[in-house]
Amino acid sequence: MNDIFFNEPNWQKELSGAVSDVASLYQLLELPLPEQVYTPNKFPLRVPHAFINKMKKGDPNDPLLRQILPDIAESLPVAGYTADPLGENAHNPMKGLLHKYQSRALITVTGACAVHCRYCFRQHFDYGANLPNSQDIRQICQYIANDKRINEVLLSGGDPLNINNRRFNEWIGALSVIDNIKTIRIHTRMPAILPNRIDDELIEILANCPKNIIMVLHINHPNEIDDALAQKCQILKNHGVVLLNQSVLLKGVNDDVETLCQLSHALFGIGVMPYYLHVLDKVAGSAHFDLPIDRAIQIYWQLLEKLSGYLVPKLVQEMAGKPYKVPIDIYKRPPT
């Protein structure tokens, strides 16, 4: 990797100013404060102003607001919803590394995110025991180099773009010299939450990487897409980054065919291919976002009817113990 001069970018200042107080959020959105405000002891509210600015003022049901606003329903135990719904703890051979799928390894480079999505499947993950330091980077890379089945590495977290450019460059540099690695995949919500994170230094790091770079964005609703995001996606594409998107099917956010059609068209319009539409992972605290599987299948048939094939994401569910993402059998409920 080329030497890069690292400055303190503006995105870090924006990130430090993220809203963490529910009353402040309601005030910014010109909403009356409810008589009872739910403030969780763990996994608190966190949302940058750049994302708040995409929300509709005066609308308590705004789909972006619903994704990040703590809800008392989170505190209610629901049978079948657990702290580790994907069984990741059983595939954690060393600190910072998850190896669930044969040809891919996932690195939790950080436990931090710019935004706390209330349906996050890792909201109970023990990041304290899984945050790799510089010594761990060497051990992780040695593990990957020794397993020739692994040809792709996923940088995840938390959000891997939540770390600074110097640290990110350290990871990219270490992975770039492993012969069996062909692709580095970056799973991030950051471009939609804080577009300024895609700065010149980050672009240079990605452009100089000799491996294939895929960035998988996480966008659930077309209102998350604006001109700032579009500009950053164009820059990424111009520097050879492949852009995909994965969404989660969420009750009260995007559980209707028109919204998902708009999302696919909007993504394609900024150069991002719809990739996955996930059935909700059954993590404790998220049950109020879940949909019956029959409803998910019904929506999917409608998508197939309305969209060209390349605009239809794969409907999948991640399940503990499975060595792959499980495609939903849409023929369980044939079209009507």
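Modeller: Buried means under 20% relative accessible area; over 50% is exposed, and partly exposed lies in between. The model here is predicted. Take R185 as a case. R185 has a relative accessibility of 8%, so this residue counts as buried.

Biologist: Which residue does R185 meet in a salt bridge, and at what N to O distance?

Modeller: The partner is E152, at 2.8 Å from N to O. E152 sits in strand β3 (residues 152-156) and R185 in strand β4 (residues 183-188), so the bridge ties together parts that are 33 residues apart in sequence. E152 has 12% relative accessibility, so E152 counts as buried too.

Biologist: How many salt bridges does the rule give in total?

Modeller: The count is 14. Another of them joins E88 and R122, whose closest N and O atoms are 2.9 Å apart. This pair links distant parts of the chain. E88 is in the loop between α4 (63-68) and β1 (97-101), and R122 is in the loop between β2 (104-108) and α5 (134-146), 34 residues away.

Biologist: Is E88 buried or exposed? And R122, buried or exposed?

Modeller: Check each value against the cut-off. E88 has a relative accessible area of 8%, so E88 is buried. R122 has 6%, so R122 is buried as well.

Biologist: Now a bridge inside a helix. What should I look for in the sequence spacing?

Modeller: An α-helix has 3.6 residues a turn, so residues three or four places apart point the same way. Now the case. R167 and E170 both lie in helix α6 (residues 165-176), three residues apart, about one turn of the helix. Their side chains meet in a salt bridge of 3.2 Å, N to O. E170 has a relative accessible area of 32%, so E170 is partly exposed.

Biologist: Which residues are linked in a network of salt bridges?

Modeller: K100, E318 and K325.

Biologist: Let us turn to nonpolar packing. How many residues does the largest nonpolar core have, and which have the most contacts inside it?

Modeller: That core has 91 residues. Those with the most contacts inside it are L25, V47, I107, I144, L155 and F168. Helix α11 (residues 293-306) gives the most to this core, with six residues. Domain 1 and domain 2 both give residues to this core, so it lies between them.

Biologist: What does L25 touch, beyond residues up to four places away in sequence?

Modeller: L25 touches V19, L45, V47, I52, L65, I68 and L69.

Biologist: Which residues of helix α8 are buried, and what do they pack against?

Modeller: In α8 (residues 200-208), the buried ones are E201, L202, I203, I205 and L206. The buried residues of α8 pack against α6, β4, β5 (212-218) and α9 (227-238).

Biologist: Now the domains. Where are their bounds, and how far apart are their C-alpha centres?

Modeller: Domain 1 covers 11-75 and domain 2 covers 88-327. The C-alpha centres are 23 Å apart. The contact takes 24 residues from domain 1 and 33 residues from domain 2.

Biologist: What area is buried between domain 1 and domain 2?

Modeller: About 2,500 Å², with carbon and sulfur atoms giving 59% of it. On the domain 1 side, W11, F43 and Q67 supply 33% of the area buried against domain 2, more than any other three residues.

Biologist: How many salt bridges cross this interface?

Modeller: Across the interface of domain 1 and domain 2 the rule finds two. A salt bridge needs nitrogen and carboxyl oxygen within 4 Å. K54 and D226 meet at 3.8 Å, N to O, and form a salt bridge.

Biologist: Last, the record. Which residues does the UniProt annotation "binding site" cover?

Modeller: According to the unreviewed UniProt entry, the annotation covers C113, C117 and C120. C113 lies in the loop between β2 and α5. C113 has a relative accessible area of 22%, so C113 is partly exposed. Leaving aside neighbours within four places in sequence, C113 is in contact with R46, G158, D159 and N162.

Biologist: Where does C120 lie, and what is C120 in contact with beyond its neighbours within four places in sequence?

Modeller: C120 lies in the loop between β2 and α5. C120 is in contact with F43 and V283, leaving aside those neighbours. At 22% relative accessibility, C120 counts as partly exposed.

Note on methods: Residues are numbered from 1 along each chain as its sequence is written. This is a predicted model: local features need pLDDT of at least 70, side-chain atom pairs count only at pLDDT 80 or more; totals for chains, interfaces and linings use all residues. Side-chain values use heavy atoms; hydrogens and water are left out. Helices (H or I, at least four residues) and strands (E, at least two) are DSSP runs, numbered from the N terminus. Buried means under 20% relative accessible area, exposed over 50%, partly exposed in between (1.4 Å probe, protein chains only). Contact means heavy atoms within 4.5 Å. A nonpolar core is a set of buried Ala, Val, Leu, Ile, Met, Phe, Trp, Tyr and Cys residues joined through side-chain atoms within 4.5 Å. Domain bounds come from an automatic or database domain assignment. UniProt positions are given in the numbering used here, feature names are shortened, and annotations may be inferred rather than shown by experiment. Buried area is the accessible area (1.4 Å probe) that two parts lose on being put together, summed over both.
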